[in-house]
Amino acid sequence: MAAITMDPSLSRQVGKDSHQHGAVVEEIHGLIRVYKDGHVERPQIVPCVTSLLPSDLGVTCGDIVIHKLTNIWARFYVPAVRCHGKLPLLVYFHGGGFCVGSAAWSCYHDFLARLAAKAGCLIMSVNYRLAPENPLPAAYEDGFKAFLWLKQEAVSGASEWWSRACNFSSIFLAGDSAGGNIAHHLSLRLGSNRASEATALKPLVFKGTILIQPFFGGEARTHSEKQMVSPSVLSLTASDTYWRLSLPYGANRDHPWCNPMSKGSIKLLELRLLPTMVCISEMDILRDRNLEFCSALASAGKRVEHVVYKGVGHAFQILNKSPLAQTRTLEMLSHISSFITRWPLDPPTHHDCR
């Protein structure tokens with residue numbers, strides 16, 4: 001197992017000698033700054049942490065390199081208690097507008113450790129390449145490389161500290177914000193009519209998709225994008241900047257990777273999509289897009305359920321420590337745990353958490 005180390009000097013280097021790179025051409029304050037010559041700075045606004053966890057949580061954690069050439073790695077979370085044999089696997093993709101974020105961010109480390117303990121599932125948190133250095137579809141390709149690596153682990157029968165606990169026949173895709181977008185597009189790829197894709201991943205069996213505030217967009221503004229005035233982690237200006245940095249050159253926000261309901265997107269009726277759960281925040285600019293996405297899935301006859309978390313905004317489950325956000329986070333953990341345990345045995349449901 002290859003260890004992942006974090007360089008604390010990186011945050012001190014941000015801003016140093018930046019004048020040599022020319023004018024700033026794109027910026028999201030405190031998160032990313034892109035210069036004319038292509039140089040990118042990312043202030044370490046959220047600390048990166050090692051895989052250590054409190055012993056009383058009952059979760060073992062470790063980092064593994066899964067693709068050396070592109071330096072894709074993953075952080076695994078394995079709960080100690082296994083009452084019914086091997087555990088389902090949740091493959092998780094972090095958020096950050098495709099441009100920032102890490103599987104080592106402290107907020108994800110805490111959230112996913114709690115989720116592993118609550119849901120009784122093994123979690124593989126994938127650290128994928130970021131835009132603008134690696135624009136889309138790099139993140140999608142990294143996600144599929146993670147699947148191919150999992151396939152090799154399943155076929156080889158290797159008895160690693162994490163794989164001994166893993167049920168490779170019960171895999172769920174998940175992610176928040178940009179990570180939710182990645183999980184959705186990987187689900188589209190798995191549900192396409194290309195038999196080669198399904199064959200390439202045997203014996204892996206995928207059971208469902210969990211999208212937390214999935215990051216979608218479009219040229220036409222929704223009501224929540226235009227009217228949302230409550231302070232939130234994701235503003236409309238930041239959203240537009242993320243899309244400019246991550247989409248292919250010359251593409252607009254109606255590109256299928258941004259807008260899953262645009263004219264150029266894959267027709268949902270033609271796909272065999274996994275059962276899907278969508279977690280939506282009431283005070284999020286993405287609220288209406290997420291609701292429209294759920295309606296489109298349902299209209300296409302796909303199995304979908306959604307939950308609306310009242311009074312909270314984008315990424316509340318990882319970045320908001322208010323009492324209300326903490327209550328909503330506990331509710332989210334319970335809903336995800338329930339989905340992993342029961343789907344597709346139960347019919348779709350829709351909840352408003354008040």
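## Helix 7 and its cover

In this predicted model, helix 7 (residues 236-246) sits mostly under cover, with eight of its eleven residues buried. The buried set runs through Ala238, Ser239, Asp240, Thr241, Tyr242 and Trp243, then picks up again with Leu245 and Ser246.

So what covers the buried residues of helix 7? The list includes strand 1 (24-28), strand 2 (32-35) and helix 4 (178-191).

Strand 4 (residues 59-67) is another mostly covered element: seven of its nine residues are buried. Its pairing with strand 5 (residues 72-79) is antiparallel and uses eight bridges. One of the residues to look at is His67, whose bridge partner in strand 5 is Ile72.

## Helix 2 against helix 10

Now for a helix pair. Helix 2 (residues 106-119) and helix 10 (residues 323-342) have axes that come within 9 Å and cross at roughly 50 degrees, so the two helices are oblique to each other. Their crossing is right-handed.

On the helix 2 side, the contact is made by Phe111, Arg114, Leu115, Lys118 and Ala119. Helix 10 meets them with Gln326, Thr329, Leu330, Met332, Leu333, Ser334, Ile336, Ser337 and Ile340. Sorted by class, this contact between helix 2 and helix 10 has eight nonpolar, four polar and two charged residues. As for spacing, an α-helix has 3.6 residues a turn, so residues three or four places apart point the same way.

Technical notes. Residues are numbered from 1 along each chain as its sequence is written. This is a predicted model: local features need pLDDT of at least 70, side-chain atom pairs count only at pLDDT 80 or more; totals for chains, interfaces and linings use all residues. Side-chain values use heavy atoms; hydrogens and water are left out. Axes are lines fitted to C-alpha atoms, for helices over the stretch in contact, and angles run from 0 to 180 degrees between N-to-C directions. Helices (H or I, at least four residues) and strands (E, at least two) are DSSP runs, numbered from the N terminus. Angles under 35 degrees count as roughly parallel, over 145 as roughly antiparallel, 65 to 115 as roughly perpendicular and the rest as oblique. A crossing is left-handed if the near helix is turned anticlockwise from the far one by less than a right angle, and right-handed if clockwise. Contact means heavy atoms within 4.5 Å. Ala, Val, Leu, Ile, Met, Phe, Trp, Tyr, Cys and Pro count as nonpolar, Asp, Glu, Lys and Arg as charged, and the others, Gly among them, as polar. Buried means under 20% relative accessible area, exposed over 50%, partly exposed in between (1.4 Å probe, protein chains only). Two strands pair if DSSP finds at least two bridges between them.
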